[in-house]
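Biologist: Please take a close look at one part of this structure, the residues lying near the DNA, and then say what else in the fold can be described. Which residues are they, and which elements supply them?

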Number of protein chains: 2
Amino acid sequence: MIEVEKYLAEHNVKPSVQRCSIMQYLLTHKTHPTVDEVYLALHPQMPTLSKTTVYNTLKLLVESGLALQLNIDAESVRFDGDTSNHAHFCCNKCGCIIDFFPKDISAINNVCINHLGGIKIDETQVYYKGLCEKCNE
Amino acid sequence: MIEVEKYLAEHNVKPSVQRCSIMQYLLTHKTHPTVDEVYLALHPQMPTLSKTTVYNTLKLLVESGLALQLNIDAESVRFDGDTSNHAHFCCNKCGCIIDFFPKDISAINNVCINHLGGIKIDETQVYYKGLCEKCNE
DNA sequence: TACATATTTGTAATGATTACAAATATATAA
DNA sequence: TTATATATTTGTAATCATTACAAATATGTA
């Protein structure tokens, strides 16, 4: 947990107990959880945790560059503690989300930058949807 | 409007008055409107229109391949009557959404397909976020 | 220790979306 | 054409994610 504390501090986020737990959860669970999933996972060990805190903290982490917010699913927002350059696949049947690191993904980011003048790109999100290996038989 | 009627019928969507109006609106307004925006725009000329119908119809259009659903904005879902292969840019300041047709965008779709075996890709969405030309001064 | 500031908490409000049943329109069969 | 079955639309009520906000708690500083 000392690691997480440093990681937050390095990004100018004061490492409170709640923030460390939530960041730690994101780093150790690559499941792209929703606010609810984070809350339900941490609540047993931390009974005073409030869902509002989970909302606030995840928002803070995103703003501080420590997490990605995924809108791949219209139903609820998902979060990813892995901020490296990668894409996501969402299965339309079982809803699983799979990380995706094609070696030429940086080309995707450049596609845009090469074409537009005045526009400033801060973030690129690539979502694939379809059927995962299991659901595709 | 006869055009829209044919367009819907060709995609096995029965062309009711409401469906034609909504499809027509999407085709003539490339603003990636929300459900609310579609409803507010059509309601004056069609006072009996219900917002539920707008929800149902847009869902039907998406399922029939006549519109795209964009989750670019977490706040509310947006729709695009242009189903051709293109990306979207969203300005973090003014919220405008800009269509984006880089000539090598098909490469983005292939990125995934080339890398995965059992997974079946039906849809690819590419979102860019940042500051538009105006907001970037 | 005392005080100022930051963080967390819980509840209430908001707003998008869905469920559902009644009303209306459309298509079909006699 | 008329009667009947089916599909579509409508309006209201419910649901659910998210946000607002003010009180409570914790933290940092003099």
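Modeller: A residue counts as near a molecule or strand if its C-beta atom, placed from the backbone, lies within 6 Å of it. The model is predicted, so local features need pLDDT of at least 70 and side-chain atom pairs count only at pLDDT 80 or more, while totals for chains, interfaces and linings use all residues. Residues are numbered from 1 along each chain as its sequence is written, and chains are lettered from A and ligands numbered from 1 in the order in which they are written.

DNA strand D is surrounded by 20 residues, the closest being V77(A), S16(B), Q18(B), S50(B) and T53(B). Helices (H or I, at least four residues) and strands (E, at least two) are DSSP runs, numbered from the N terminus. Two or more residues of the surface near DNA strand D come from each of α3 (35–42) and α4 of chain A, and α2 (17–28) and α4 of chain B. The most, 4 residues, come from α4(B). By class this surface has 5 nonpolar, 11 polar and 4 charged residues, where Ala, Val, Leu, Ile, Met, Phe, Trp, Tyr, Cys and Pro count as nonpolar, Asp, Glu, Lys and Arg as charged, and the others, Gly among them, as polar.

Around DNA strand C there are also 20 residues, with S16(A), Q18(A), S50(A), T52(A) and T53(A) the closest. Here α2 (17–28) and α4 (51–63) of chain A and α3 (35–42) and α4 (51–63) of chain B each give two or more residues. The most comes from α4(A), with 4 residues. The surface near DNA strand C divides into 5 nonpolar, 11 polar and 4 charged residues.

As for the rest of the fold, both chains contribute to an open sheet of 6 strands with mixed pairing, in the order β4(A)-β3(A)-β5(A)-β5(B)-β3(B)-β4(B). Two strands pair if DSSP finds at least two bridges between them. At the edges are β4 (97–100) of chain A and β4 of chain B, each pairing on one side only. Within the sheet, β3(A) and β5(A) run parallel, joined by 4 bridges, and F89(A) has Y128(A) as its bridge partner in β5(A). In chain B, β3(B) and β4 (residues 97–100) are antiparallel over 4 bridges, with F89(B) opposite I98(B). These two strands form a hairpin with 5 residues between them, and G95(B) in the turn has a positive phi of about 80°.
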